Amino acid sequence: MKTKYSLVLPSYNEYGNLKLLLPEIFKSFFKRNYQIIIVDDNSIDQTIKKLKKEFKRRKQIKYILRKKNRSLGLSIKKGIEASSGENIIVMDSDFNHRPQDLKKMILKYEKNKLDMLCGSRFLKGGSSNTFFRHLCSLFFNIFINILTKGNISDNLSGFFIVKKKYIRKDLKKIFYGYGEFYIRLLFFMQKKKIKISEFPVKYALRKYGNSKSRLVRMLFLYTKETIKLLK
C-alpha cells in the first residue's frame, strides 16, 4: 500500500516538545496510511536518540540527522527527498502549529480534493500567539502580495499540505535558508495554477525552549528574498 501522507518535522533542540507533540499527531491521522519524518539539525539535546527510545514501537517514524549547514529550509528538503508519501505535510515541532488544526486540515484537504492547503492566521477563526506579532505579520503579508501579485492571506505560516508531484522538481530552488522558503513555495505554486485553498489556524505558545525567530531580522530577510523572486 502506498503511503498517503508524509509529515516532515524539522527540529533543533525540540525533544521536550516532540515527545508531547507526536502522540497528538498520531491521533490526527487516525487510520490513514502515513509516515512521520523527523529531520534534526544535530541538536545538543540528543533529540533523535531520546525519541527513538521513547517511541521505539512506532514504525511510522523515520529519523534523519543532519550534521552540517543548519537550515530550516534544507531540513525540510531532506525530509521531502526521503519521503514515500503522495502528499507532503510540513509543520513546526514546537506546538506553534497545533495538532488539532492538523486534523481539520487533513479532512478539508481530502473533502475538497485539493492540490495544496495552507494554514492561515488571518482567516476568520485564525490567530497568532501575540497581538504584536499578528499585526506585524498581517501588514507584511499585504506587502508580499502586492509585490508578488499573490492572493494567499498568510505567506509566512509554513503550515501546509501539498501533493508531492507539484514540488518534486522544484525542491532545490524552494527549500533553503530559513522560513522564507514558504514565500518561495507559495510564489511558485500559484504560478502553476494548482487548486490551492486556506484554512484558519491558531498559533500556540511553545511548551519548552525558546523561539529561534527574531522578528525584525526575519522581516528584513524575507523582504530581500521576496524581491529576488521578481527578477
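**Salt bridges and nonpolar cores in a predicted model**

At 24% relative accessibility, Lys163 counts as partly exposed, where buried means under 20% relative accessible area, exposed over 50% and partly exposed in between (1.4 Å probe, protein chains only). The model is predicted, so local features need pLDDT of at least 70 and side-chain atom pairs count only at pLDDT 80 or more, whereas totals for chains, interfaces and linings use all residues. Residues are numbered from 1 along each chain as its sequence is written, and side-chain values use heavy atoms, with hydrogens and water left out.

The side chain of Lys163 forms a salt bridge with that of Asp115 (3.2 Å, N to O); a salt bridge is a side-chain nitrogen of Lys or Arg within 4 Å of a carboxyl oxygen of Asp or Glu. Asp115 lies in the loop between H4 and strand E5 (116-120) and Lys163 in strand E6 (residues 160-163), so the pair ties together parts that are 48 residues apart in sequence. Helices (H or I, at least four residues) and strands (E, at least two) are DSSP runs, numbered from the N terminus. Asp115 is buried, at 10% relative accessible area.

Across the whole structure, 13 salt bridges are found. In one of them, the side chains of Lys4 and Glu110 meet at 3.2 Å, N to O. Because Lys4 belongs to strand E1 (residues 3-11) and Glu110 to helix H4 (residues 99-111), this pair ties together parts that are 106 residues apart in sequence. Lys4 is partly exposed at 33%, as is Glu110 at 25%. Asp170 and Lys173 form a further salt bridge (3.6 Å, N to O), in which Asp170 is buried at 9% and Lys173 is partly exposed at 41%.

The largest nonpolar core has 33 residues, of which Ile80, Met116, Phe160, Ile167, Phe175, Leu185 and Met189 touch the most other members. Such a core is a set of buried Ala, Val, Leu, Ile, Met, Phe, Trp, Tyr and Cys residues joined through side-chain atoms within 4.5 Å. Helix H7 (residues 181-192) supplies the largest share of this core, eight residues. Apart from this core lies another, of 32 residues, including Leu9, Leu22, Met91 and Tyr109.

The structure holds zero disulfides, a disulfide being a pair of cysteine sulfur atoms within 2.5 Å. Cys118 is buried at 0% relative accessibility, whereas Cys136 is partly exposed at 21%.
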